[in-house]
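The sequence and structure are shown first.

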Amino acid sequence: MADQVFTGFAVALLGTVIIGLIRVERGPSAADRMLAAQLFGTAGVGILLLLSVGLGMPSLRDVSLVFGLLSAMAAVAFVKRAWHRGTEARDGEARR
Amino acid sequence: MTLSEVGSIVLLFVGTAFFAAGSVGVLRFPDVYTRLHALTKADNLGLGFIVLAVALRSGSFMVTAKLVLIWALVLVAGATASYLVAQAARASGIEPWRRP
């Protein structure tokens, strides 16, 4: 019985981090949007771990590991590609 | 309700509360650098308590070790990402917020 509670907490966790979407929309610089994305990545790991108990699928733990790695790579890719030093803090503009 | 079930539910409440605090912090703090602080609280503590709750329900040492390693990965990746983002923000001229 207690395992089904985990699924409810996964939904609650999703609800709480959806507020981060407001930062994605508002955030004046690209770094603000990136850190909201990092929040979603970590919440994804948490939700998957909770679902692995709530739905009784132990393989979801490995999926959460992959999600964690992906969010790490996303952060590095962002800093490397989307943020040119010395430009002002606008996002999306690739100057090459 | 065994002790481990009650304990894991308490840990889940605490973990979700930290995630909520982190999200509200990301929403309400005044600039990038302070928002990064809020993000790491959600990252480290929120996920840590959730990992503890799941490990309490798992019952095997190898599973607990894997869960702790997942948490450690998120910790290290989050620290590195925060540093990179803050450094890039500084280099592109975003000034830290001062109390007006």
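## Chain A and the basis of the model

Residues 24 or more positions apart account for 51% of the contacts in chain A with a separation of 6 or more, where contact means heavy atoms within 4.5 Å. The model is predicted: local features need pLDDT of at least 70 and side-chain atom pairs count only at pLDDT 80 or more, whereas totals for chains, interfaces and linings use all residues. Residues are numbered from 1 along each chain as its sequence is written, chains are lettered from A and ligands numbered from 1 in the order in which they are written, and side-chain values use heavy atoms, with hydrogens and water left out.

Chain A contains four helices and zero strands, in the order α-α-α-α from the N terminus on. These elements are DSSP runs numbered from the N terminus, with helices (H or I) of at least four residues and strands (E) of at least two. Of the 96 residues of chain A, 45% count as buried; buried means under 20% relative accessible area, exposed means over 50%, and partly exposed lies in between (1.4 Å probe, protein chains only).

## Interface between chains A and B

Between them, chain A and chain B bury about 3,700 Å², with 78% of it on carbon and sulfur atoms. Buried area here is the accessible area (1.4 Å probe) that two parts lose on being put together, summed over both. In chain A, the residues that lose the most area to chain B are A:Phe9, A:Leu35 and A:Arg61, together 16% of what that side buries. The contact takes 45 residues from chain A and 43 residues from chain B.

Six residue pairs are in polar contact between chain A and chain B, both residues being at pLDDT 80 or more. A polar contact is a pair of N or O atoms within 3.5 Å; within protein, one must be able to donate a hydrogen and the other to accept it, and residues adjacent in sequence count only if both atoms are side-chain atoms. On the side of chain A that touches chain B, two or more residues come from each of helix H1 (2–17), helix H2 (20–26), helix H3 (30–54) and helix H4 (60–81) of chain A. The largest share of that side, 13 residues, comes from H3(A). Its residues divide into 28 nonpolar, nine polar and eight charged. In this division, Ala, Val, Leu, Ile, Met, Phe, Trp, Tyr, Cys and Pro count as nonpolar, Asp, Glu, Lys and Arg as charged, and the others, Gly among them, as polar.

## Salt bridges

Side chains of opposite charge can pair when their charged atoms come close. A search of the whole structure finds three salt bridges over all chains, each defined as a side-chain nitrogen of Lys or Arg within 4 Å of a carboxyl oxygen of Asp or Glu. Two salt bridges are found across the interface of chain A and chain B. In one, A:Asp32 pairs with B:Arg35, the closest N and O atoms being 2.1 Å apart. Both partners are buried, A:Asp32 at 1% relative accessibility and B:Arg35 at 5%.

B:Lys66 and A:Asp62 also meet in a salt bridge through their side chains (2.6 Å, N to O). B:Lys66 lies in helix H3 (residues 61–91) of chain B and A:Asp62 in helix H4 of chain A, so this pair joins two chains. B:Lys66 is partly exposed, with a relative accessible area of 31%, and A:Asp62 is partly exposed, with 36%. Within chain B, B:Glu95 forms a salt bridge with B:Arg90, with 3.7 Å between the closest N and O atoms. B:Glu95 is exposed at 53% relative accessibility, while B:Arg90 is partly exposed at 42%.

B:Ser8 is placed in helix H1 (residues 3–28) of chain B and is buried, with a relative accessible area of 0%. Leaving aside neighbours within four places in sequence, B:Ser8 is in contact with A:Phe6, B:Ala53, B:Leu56 and B:Arg57.

B:Phe19 is placed in helix H1 of chain B and is buried, with a relative accessible area of 0%. Leaving aside neighbours within four places in sequence, the contacts of B:Phe19 include A:Leu13, A:Val17, A:Thr42 and A:Ala43 in chain A, and B:Ala42, B:Gly46, B:Leu47 and B:Ile50 in chain B. B:Phe19 and B:Glu95 are 76 residues apart in sequence and 27 Å apart in space, C-alpha to C-alpha.
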